[in-house]
Amino acid sequence: MKLTSTRDAAARVTPAAAILRGISPDGGLFVPTEFPAVSLNEIKEMAGEDYKARAMRILSAFLTDYDEKTLKGYIEKAYGTQFDGDSPAPVSKLENGKYVLELWHGPTMAFKDMALQLLPHLLTGASRMLGSDERSLILAATSGDTGKAAMAGFADVRDTAILVFYPRGGVSEAQRLQMVTQRGGNVSAVAVEGNFDDTQTGVKNIFGDEDMADWLQERGWRFTSANSINFGRLVPQVVYYFSAYADLVQKDEIRCGDPVNFVVPTGNFGNILAGYYAKRMGLPMNRLVCASNSNNVLSEFFTDGRYNSHREFHKTLSPSMDILISSNLERLLFEVCGRDGETVKAWMDQLKQKGSYAVPGTVQNHIRENFWAAWADDGMTSEAIGDAFKRYHYLMDPHTAVGYRVYQDYRDITGDDTATVMVSTASPFKFCKDVGRALGERGERSELDWAKWLTEKSGLVPPESFSELYELPIRHKGVCEKEAMEEAVQNFVASL
Ligand SMILES: *Cc1c(COP(=O)(O)O)cnc(C)c1O
């Protein structure tokens, strides 16, 4: 399997090279030259397998340059006991034809773990395969979920180190505690005196600084990025679409070959794109329902074909979807415009220069055959949390609730009663207060007391990783001015 670039369809790289580089030199994203086919027979076989075996089938179809035994070892490590319960991605039934795929049973209680538990292994493997003897230093700016998931994924992985910058006062208390208590000799987190934009700009500047790269190289390190456009984050996400389907077959909820819908709470378009890849590989799928919050760029794009990022930015109850530029959409555009790199490049240039672009009717039609999109504001999101609890005694987080609400609209408007899997991206315990308020409870409490309240109300117990947050020692106390982030990197490298 070779990969190409969304902005140059003649480019060819191996999967390992794509994972190591992150982004193509022409500015495009790496995409497969073809989709490996998975037959109904294989899907039927998957029904009898566990998550690791299913992951092996999908990953080995894409990552053909990785040795099978090595890949198997990575999967063993990535989807082990750091996930609670029987499966890393279990499917819950609400009622006949309505299911929830829970992607938050990993160490950070959000779906980023599904890919970030595996990526460090794929990265070090790629480095070894390509004969690089430099170690990888991962730098990340985070507004909450990604930083912790990356720290947890890279902790104590050989030949890697990770430093996360987060805006001081700009993340929730649980998110901050998750980062500053992370164990591992090769991880650290530093609070930046500034907002998320300052933090992200600081990291981008460091990535672009040649003196800094030389300084690192002299010490045997190289900068690497773990963000969601890395091909190594996309492939592990394809797995759980197949796994959810296989579970439904295994439990006799559907017959193998029946189409299903997937509803996906969307921000950067990485998760839902993996669903589209699964469909292209042969997973029987009707529609992918793309659910946005008030930052509704995507639902507008899917409705009228115009992507316009020039608009007011809303801070919502579902912060991980507060995004105006959905980077992974570029990969879908490449597929639906006939794999024409020049066209994609022209749209992306317009987005950069004018903040918008528009696609022709033919492209819109292809998109509509596969997707349906809508959005929900904070009021609807809270209502949805209440509704799901009342009807099904099912507790969902605000991101998942955006999907739940948009799916109700989808059913009302289209009348489509195809079996549907709602993808759940975070544990409700990651947003205790907002979930508690949505269930009608008032008053002020600490997050820990909100968690207790939720437990009393629902009978659900938060994962161990949540309760222990409030007892673990604080390991990372660093704070820096936004002008001093380079120095923080140097200090960190010196400490390794
Ligand atoms: C990252 C994230 C999303 C958005 O996923 P994308 O792949 O960026 O579309 C949704 N929900 C949660 C909880 C997340 O952490």
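The legends below describe close-up views of a predicted model. Residues are numbered from 1 along each chain as its sequence is written, and side-chain values use heavy atoms, with hydrogens and water left out. Local features need pLDDT of at least 70 and side-chain atom pairs count only at pLDDT 80 or more, whereas totals for chains, interfaces and linings use all residues.

**View 1. An open antiparallel sheet is formed by 3 strands in the order β2-β1-β3.** Strands (E, at least two residues) and helices (H or I, at least four) are DSSP runs, numbered from the N terminus. Two strands count as paired if DSSP finds at least two bridges between them. β2 (8-13) and β3 (30-32) are the edge strands, each with a single partner strand, so one side of each has no neighbour in the sheet. From one strand to the next the twist averages 45 degrees; axes are lines fitted to C-alpha atoms, for helices over the stretch in contact, and angles run from 0 to 180 degrees between N-to-C directions.

**View 2. Strand β1 (residues 3-5) is joined to β2 by 2 bridges.** The two strands run antiparallel, and L3 stands opposite V13 in β2. Helix α14 (residues 329-336) packs on the sheet and touches β1, β2 and β3, where contact means heavy atoms within 4.5 Å. The direction of α14 makes about 45 degrees with that of β3.

**View 3. The ligand is surrounded by 15 residues.** The closest are K112, G267, N268, N271 and T425. The shell divides into 5 nonpolar residues, 8 polar and 2 charged; Ala, Val, Leu, Ile, Met, Phe, Trp, Tyr, Cys and Pro count as nonpolar, Asp, Glu, Lys and Arg as charged, and the others, Gly among them, as polar.

**View 4. Oxygen atoms of the ligand lie 3.0 Å from a side-chain N or O atom of D145 and 3.2 Å from a backbone N or O atom of G270.** For the side chain of S320, an N or O atom is 3.5 Å from an oxygen atom of the ligand.

**View 5. An open parallel sheet is formed by 5 strands in the order β9-β6-β7-β8-β16.** β9 (221-224) and β16 (479-481) stand at the edges with a single partner strand each, so one side of each is left without a neighbour in the sheet. Strand β8 (residues 187-193) pairs with β16 over 3 bridges in the parallel sense. The bridge partner of V192 in β16 is C480.

Note on methods. A residue is near a molecule or strand if one of its heavy atoms lies within 4 Å of it. A polar contact is a pair of N or O atoms within 3.5 Å; within protein, one must be able to donate a hydrogen and the other to accept it, and residues adjacent in sequence count only if both atoms are side-chain atoms.
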